[in-house]
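The exercises that follow ask you to read a protein model step by step. Try each task before you turn to its solution.

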Amino acid sequence: MTRDEYFQLKQKYANAGFENMTDAEMSEFVSYSNTFAKLLDTVSLFGGDALNPKPRMFYRMKHIRQADRSKIVSVKSGLNGVDGRIHGFNKGELSIVSGTNGSGKSTWLSQIALEAATQGFSSVIFSGELRAPRVKEWLMLQAAGRDSLVQDGWMYHVESSAREKIENWMDEKIYVYNNDFGLAVKQIMKALEFFTLIMDVDVIVLDNLMSMDLREYPGDKYEKQTALTMELSNFAKKRNVHIFFVCHPRKSMGLLRKEDISGTADITNAADNVLIVHRVNNDFKNRTMDFFKWKADAAIYNCSNVVEICKNRDLGVQDVFAESYFDQPSKLFLNYRDEYRHYGWEPEKEEWTGETPFDNGKHDDGGKAAETGEDQGDRLEASV
Ligand SMILES: Nc1ncnc2c1ncn2[C@@H]1O[C@H](COP(=O)(O)OP(=O)(O)OP(=O)(O)O)[C@@H](O)[C@H]1O
């Protein structure tokens, strides 16, 4: 069949109704369909052929490779209640992190950069509100952990012997954007594009939407925010990084829900994960008792911060509350009160288990056993 014949037949049958076809037309149609089916296999209608590869605009089923979950690279947060349920944060995806002022968003994300570094991933942090020295100080305290801090009045400092080791270890693993280069979002995106092209970057923390200057984007406030979120989602895929994007809520009172996150629903729709960091204070207790009908003695109220998974596109997880215990001196989110989080700057050391020949080997963790992975997640849901 020539090209012209093919197009003539295609035209002829484009709007053909089977009921009006003669036998001759029907057999012509059948042979056309057969030819067409062969054409699909040989001609580059749905993408290129071996000699002339082109991206396919539409896939046929047999062209679609089976998803291989073993190829997904994910960064663990270190919080068992989160990692146990969503198996970490996949590269190529976007997470929105929200929470009221002071709930611990920046603190947790700074810790994730350390967790990532310990797993061999590198991160870039944009902090619109904290200057680079402050970002570094928080990272230093967290990396040092309780055992390598010295108290000075109400302040804590990293022991001088640990300081240099931590600094050297973090040096090419965690980068901080210099705000002097501007907070205009186009400039930040250009800088990230350039940086991720020349350096291996796995995680980007953008803290936060409100501190970015969106004036260069068209449209009203909400359209600008939506445009940025879509751009971040595409950027994460294109550059194969995981982006944590901090978005404040629209309201400052009441129990924060996914719908209260700033901007329109487009922001959370575009994200692969939506997480809310809550601080477990009296307000949180009262409002969750009211909203979820949790009991006053629910185990979740023993912890200090909760990370709520509101949306997880990959595994469909939602309504999971991951408990954490905030360690004030080191600013670490811990899985249980006396946990020792180990970061890559120091050699692995045996964690103190509290076991002596005379006790029953239990941690002082508010009555809960230390657990990891799935078990922890299951327990958390059961505990409220
Ligand atoms: N449960 C807690 N108990 C005591 N202090 C905490 C707790 N959680 C976080 N903090 C501390 O509160 C301060 C504010 O935390 P952080 O900046 O991480 O909050 P945030 O949610 O990012 O706030 P913002 O929305 O204002 O940027 C930090 O010094 C942090 O270490």
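**Before you start.** This is a predicted model, in which local features need pLDDT of at least 70, side-chain atom pairs count only at pLDDT 80 or more, and totals for chains, interfaces and linings use all residues. Residues are numbered from 1 along each chain as its sequence is written.

**Exercise 1. Into which classes do the residues of the shell around the ligand divide, and which helix gives the most to this shell?**

Solution. Begin with the shell itself: 16 residues surround the ligand, and the closest are G104, K105, S106, T107 and S304 (a residue is near a molecule if its C-beta atom, placed from the backbone, lies within 6 Å of it). Next, sort the residues of the shell, which gives one nonpolar, 11 polar and four charged (Ala, Val, Leu, Ile, Met, Phe, Trp, Tyr, Cys and Pro count as nonpolar, Asp, Glu, Lys and Arg as charged, and the others, Gly among them, as polar). Finally, look for the helix: helix 4, residues 105–118, gives the most, with three residues (helices are DSSP runs of H or I with at least four residues, strands are runs of E with at least two, and both are numbered from the N terminus).

**Exercise 2. At what angle do helix 4 and helix 5 pack, and which residues meet?**

Solution. First take the axes, which lie 10 Å apart at an angle of about 65° for helix 4 and helix 5 (residues 132–144) (axes are lines fitted to C-alpha atoms over the stretch in contact, and angles run from 0 to 180 degrees between N-to-C directions). Then list the residues: from helix 4, T107, S110, Q111, A113 and L114 meet V135, W138, L139, Q142 and A143 of helix 5 (two residues are in contact if their C-beta atoms, placed from the backbone, lie within 7 Å). Sorted by class, the residues of this contact are six nonpolar, four polar and no charged.

**Exercise 3. Why does W169 count as partly exposed, and with which residues is W169 in contact?**

Solution. Locate W169 in helix 6, residues 160–170. W169 counts as partly exposed because 18 C-beta neighbours lie inside 10 Å (20 or more other C-beta atoms within 10 Å make a residue buried, 12 or fewer exposed, and a count in between partly exposed, with C-beta atoms placed from the backbone). Leaving aside neighbours within four places in sequence, W169 is in contact with G344 and W345. Of this pair, take G344: W169 and G344 are 175 residues apart in sequence, yet 7.3 Å apart in space, C-alpha to C-alpha.
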